[in-house]
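Here is a short walk through one protein model. Keep the structure open and follow along.

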Amino acid sequence: MSSQKAPDGGWGWAIVVASFMGQLLAYGSPQSVGVLYPEWLNTFQDSKGMTAWVGSLVSGVGLIASPICSACVVNFGARPVTIFSGVMVSGGLMLSAFAPNVQFLIFSYGIVVGLGCGLVYAATVTITCQYFDNRRGLALGIVTTGTSIGGFLYATLQNEFIVLFGLDGCLLLIGGFALNIIACAGFMRPLHLPAYYLKQRKALSEKAEDPVAEDPVEINRSVTKVLITGETKNTASRLRYAALVQIIKSKQKMYCEYLHSAGELLQNRVFLAMCVSLFMSCLGLYPPLLFLEDLAQGEGLIEGISTIPLVSIISISAGVGKLLLGIVMDIRWMNSIFLYAFTLLGTGLALLVIPFTKNYAGLQVISAVLGFCSGNWSVIPYMTTKVVGMDRLTEAYGILMFFSGFSIMLGPPIAGWIYDWMHSYNLAFFCSGGLVLLGGAALFISALSCWNKNQDEANTSEIENNTECDTVATVA
């Protein structure tokens with residue numbers, strides 16, 4: 001996969017535009033789900049904890065399924081996966097328009113749309129990394145900005161659609177928009193054949209080189225012999241059983257190899273720290289994104305939803321953050337791990353200030369800070385590539401997304417249950433800020449100790465090329 005040199009331009013920019021639009025159309029509604037959350041509370045009259053599962057699952061399920069989504073991209077290619085994901089996202093949104101209760105929304109909006117978004121994200125990030133090397137930071141920054149621009153636009157659009165057509169009409173319209181993801185897939189021309197097609201080609205080649213096995217005379221003799229002995233049924237059963245056992249053994253071997261490879265990645269101290277940090281930061285960051293609008297309305301800071309909702313401010317700030325951080329990552333001396341930890345520090349401090357904010361303008365400023373710092377998602381693929389290498393990007397990125405998806409899925413319901421228990425969001429925001437700060441500190445300390453060790457080894461000319469510390473030095 002890595003043997004073919006990335007063009008770093010040319011058709012790659014068409015890939016960037018198509019991937020940008022794919023993420024915009026897929027993530028527009030999930031990124032602005034905070035606008036829909038108060039409407040669902042009023043419509044279904046369910047608890048905040050239960051209703052929060054809808055918003056948490058749509059962000060978390062796709063990330064938890066990232067290893068599966070990545071495997072689909074590796075085996076079938078970005079184009080077919082993107083087409084299928086467009087059908088899933090559109091179908092899930094339209095199905096949600098007919099939801100009779102929150103439990104149905106959890107399936108249609110949370111699970112179906114969430115899985116579709118996970119497939120889109122895996123396909124667009126993977127094919128962008130294939131087409132870019134030296135400009136990968138800029139390309140990934142542009143692509144991942146699509147989610148933020150989509151969240152900004154869809155927050156206002158959904159607000160207006162709800163006023164004009166109601167909640168059901170809004171979901172039907174944005175479901176129709178999502179069908180355009182299929183058109184974006186047409187631009188995703190692969191640099192190489194996916195693994196599934198390579199396996200099929202190899203099987204056909206082996207079959208063509210072994211004509212004896214396909215000799216009809218030999219096949220007829222075997223069939224005749226079976227018929228004469230009168231053991232046709234038993235033989236067929238044994239053959240089916242043997243084939244089934246062979247399939248199970250091959251799958252078991254493949255899964256064992258994957259688990260062993262994942263275990264090797266987790267033995268890398270910096271990569272393990274990335275997993276822990278991402279888990280804690282996502283656990284703390286995503287509840288405010290869902291509850292800020294409800295907090296502003298509940299505290300009487302604003303009536304209804306503003307013309308430019310808080311989630312719109314978060315989304316557009318995240319877009320600016322992704323783009324700027326992506327550009328910064330192309331600076332030769334920039335250490336992506338320290339930059340990522342710094343953004344977590346800013347996020348944690350902003351979350352801790354929310355309970356003390358008593359006006360809507362303050363919440364708008366905090367939303368801008370949270371959005372910009374959440375733009376560190378554009379740093380993650382770049383950082384992962386430098387730490388584990390391009391050959392293992394898909395596997396490592398899938399593991400990271402699994403950790404983040406699991407924490408995103410748990411965060412909002414826990415915060416909702418805290419509100420149902422205490423009738424206040426203050427404790428939820430304090431816990432969120434503390435978790436993000438701890439995650440950033442853990443990653444910073446892990447990378448700092450390794451960086452210092454690597455510098456010492458460089459000074460004494462005793463560098464070992466295969467250590468994880470050398471890999472972190474490459475990030476710098």
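**From the fold to single residues**

Start with Gly-114, which sits in helix 6, residues 102–131. Helices here are DSSP runs of H or I with at least four residues, strands are runs of E with at least two, and both are numbered from the N terminus. The model is predicted, so local features need pLDDT of at least 70 and side-chain atom pairs count only at pLDDT 80 or more, while totals for chains, interfaces and linings use all residues. Residue numbers run from 1 along each chain as its sequence is written, and side-chain values use heavy atoms, without hydrogens and water.

Gly-114 is buried, with a relative accessible area of 0%. Buried means under 20% relative accessible area, exposed means over 50%, and partly exposed lies in between (1.4 Å probe, protein chains only). Leaving out residues up to four places away in sequence, Gly-114 touches Leu-57, Val-58, Gly-62 and Tyr-109. A contact means heavy atoms within 4.5 Å. Pro-30 is 84 residues from Gly-114 in sequence, yet their C-alpha atoms are 8.2 Å apart.

Now step back. The protein has 19 helices and zero strands. Of its 476 residues, 51% are buried. Among contacts with a separation of 6 or more, 83% join residues 24 or more positions apart.

Move to helix 14, residues 336–353, where Thr-343 is placed. Thr-343 is buried too, at a relative accessible area of 4%. The side chain of Thr-343 reaches the backbone oxygen of Tyr-340 at 2.5 Å. Beyond its neighbours within four places in sequence, Thr-343 is in contact with Leu-325, Cys-373 and Asn-376.

Next comes a loop. His-192 lies between helix 8 (181–185) and helix 9 (195–209). His-192 is partly exposed, with a relative accessible area of 24%. Gln-130 is 62 residues away from His-192 in sequence and 9.6 Å away in space, C-alpha to C-alpha.

Leu-157 belongs to helix 7, residues 136–178. Leu-157 is partly exposed, with a relative accessible area of 33%.

Conventions. Polar contact = N/O pair within 3.5 Å; in protein donor to acceptor, adjacent residues only side chain to side chain.
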